[in-house]
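User: I have a new model open and I'm a bit lost. Walk me through it, please.

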Amino acid sequence: MLFRREVVLALGSSLTGPIWAQEKKDKKWDVIVVGSGVAGLSAACAALQNGAHNVLILEKGPIVGGHSILSTGYVAGIDRKRQEKQGIVDSPELMLQNMLKIGGNKNDVSLAKIVCYQSESTINWLEELGIKWDDRIFQTVAGLHPRSHITGLVRAGHDYVMTLLQYALKHGAKLNLRTRVLDLIEMDGKVIGVNIQNPSGSVSKLFSRTVILATGGFTANVSLRMKYDSRLGPEFPTTANPFGKNFDGATGDGLIMAQKIGAATKDVEYLQLIPFWGGRLLDYVVNIIGKRFVNEAASWKEVSDAILLQPQREIWAITDAQSQKGASLGIKLINKVIKKANSIEEMASEMKVSPQTLRQTIDFYNQNAKKGKDPIFGKNIFTQTIDRPPYYFGKEKLGVHFCCGGIKFNQLAEVVKTDGDIIPGLYVCGEASGGPHGHDRLGGVALMSAFVFGKIAGIQASKFRNL
């Protein structure tokens, strides 16, 4: 995962300032997309492909991409042409089973089914837009099956954002940065536009046939997340801004605006935490006294809930020389976020745990990894043993990563009211929405869901006429 400063450097100056859509005040847009992550950009691209002529993308931040551009970028989806080459058997039915298992069967099955059954066509659609997939298929943490795609191991989220943005701008979309949407404008029960705050601080109105909320979640809004999960106080950083020094726009703007006009919510109490602080070396984890406490291959929810029960809510994450490392490993070693040791005893000394305890823990784990069965925590998915020095280790704390819930919506990405009706002219997609995931999300499905329902929202919005 890239840090914000790296993203700014990657984008360059051409996309870090406002790109203004200078239009007459009485301009009526076909589609206004609020948010420039992959959900919003997918919506813009799909709207343009399906007959919308005047599409405006509004982003409150100084750069495009939201959390998407920071993402490692694994995208779960059926892809028979690539999976079969690796001997992988997969199906939408299996993917749905996996989603429901990780989601605790709390998912809206109709929405989860759309994600799974449209995942293959979405992989192909994104390829047509210009995304170049790596031919290798991966199994992510909490992914349960090898079906995840990526463009490269360095900055795949950046690749998705830039590719979709370039397509949208090339085909006529306009982009306004540093433009905050304050409220939705209604007339006769329909959404007909938005009130915005311009970079200068002035407030104005923009009218549109449709509005698509792709504003992301509310992980950075401490008071809002504590409203739904009282455990998640200010001591928990977000994974998008772990050191608290950068802009994080995930403050629940879309959720707040939609609720003001009667929108219902779905699964907002389910926020995903992940261990992030020490570099997410999650091959193997021990608590601060050097003992295992969880199945490392379990869902993020199970791992996170177990960490919350540990002393100081901290753990050590360990891997060795044979595991695949992220591109930022060198930087983290320099900054001593991650450390390296040539033996288990040296590692134990640095961790200030008993060398004998750590040695016994790792030796017992390796014995079971070779057998493929863990008698203590029931782990049956082992990527490797942990026995080839040098060893890499970092102290992990939990970060608030993802909102599994948000604005309630239906199969056409229309926003649903508390009385069960829809709000005409208003659509939602991506992390601003709730329903497909249940109490936790399958690895790689957050981005796939954003792509799938972003595309659906764009198609439906391009067909709607309210002015």
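User: Is R178 buried, exposed or in between, and what puts it there?

Analyst: R178 has a relative accessible area of 35%, so it counts as partly exposed. Buried means under 20% relative accessible area, exposed means over 50%, and partly exposed is in between (1.4 Å probe, protein chains only).

Analyst: A word on the source. This is a predicted model, where local features need pLDDT of at least 70, side-chain atom pairs count only at pLDDT 80 or more, and totals for chains, interfaces and linings use all residues. Residues are numbered from 1 along each chain as its sequence is written, and side-chain values use heavy atoms, with hydrogens and water left out.

User: Where does R178 lie?

Analyst: R178 is in the loop between β5 (174-176) and β6 (180-187). Helices (H or I, at least four residues) and strands (E, at least two) are DSSP runs, numbered from the N terminus. R178 also has a positive phi of about 50°, although it is not a glycine.

User: What is the phi of N105?

Analyst: N105 has a positive phi of about 55° and is not a glycine either. N105 sits in the loop between α4 (92-102) and α5. Its relative accessible area is 61%, so N105 is exposed.

User: And which peptide bond is cis?

Analyst: The one from P389 to P390, with omega near 5°. P390 belongs to the loop between α13 (355-371) and β14.

User: New topic: helix packing. At what angle do α5 and α14 pack?

Analyst: About 95°, with the axes of α5 (residues 109-117) and α14 (residues 445-463) 9 Å apart. Axes are lines fitted to C-alpha atoms, for helices over the stretch in contact, and angles run from 0 to 180 degrees between N-to-C directions. So α5 and α14 are roughly perpendicular to each other. Under 35 degrees is roughly parallel, over 145 roughly antiparallel, 65 to 115 roughly perpendicular, and the rest oblique.

User: Which residues of α5 and α14 meet?

Analyst: From α5, L111, I114 and V115; from α14, V445, M448, S449, V452, F453 and I456. Contact means heavy atoms within 4.5 Å. By class, the contact of α5 with α14 has eight nonpolar, one polar and no charged residues. Ala, Val, Leu, Ile, Met, Phe, Trp, Tyr, Cys and Pro count as nonpolar, Asp, Glu, Lys and Arg as charged, and the others, Gly among them, as polar.

User: How do α6 and α14 pack?

Analyst: Their angle is about 80°, with axes 10 Å apart. Therefore α6 and α14 are roughly perpendicular to each other. On the α6 side the contact uses S119, T122, I123, W125 and L126, and on the α14 side M448, F451, V452 and K455. The classes here are six nonpolar, two polar and one charged.

User: How many aromatic pairs are there?

Analyst: Six aromatic pairs. Rings of Phe, Tyr and Trp (its six-membered ring) pair if their centres lie within 6.5 Å; planes under 30 degrees apart count as stacked, over 60 as edge-to-face and the rest as tilted. Y74 is in the loop between β2 (55-58) and β3 (75-76) and F138 in the loop between α6 (119-129) and β4 (148-149), so the pair ties together parts 64 residues apart in sequence. F138 is buried, with a relative accessible area of 13%.

Analyst: F409 and F453 are next. Their ring centres are 4.9 Å apart and their planes at 85°, so the pair is edge-to-face. F409 lies in the loop between β15 (406-408) and β16 (414-416) and F453 in helix α14, so this pair ties together parts 44 residues apart in sequence. Both F409 and F453 are buried.

User: Which residues form a ring cluster?

Analyst: W133, Y160 and F451, linked by ring pairs.

User: Which ring does K113 lie over?

Analyst: K113 lies over the face of Y117, 5.5 Å from the ring centre. The test is NZ of Lys or CZ of Arg within 6 Å of the ring centre and within 35 degrees of the ring normal. R441 lies over the face of F402, at 5.3 Å.

User: Last one: what does A44 touch?

Analyst: A44 contacts V33, V55, I57 and A168, leaving aside neighbours within four places in sequence. A44 lies in helix α2 (residues 38-49) and is buried, with a relative accessible area of 0%.
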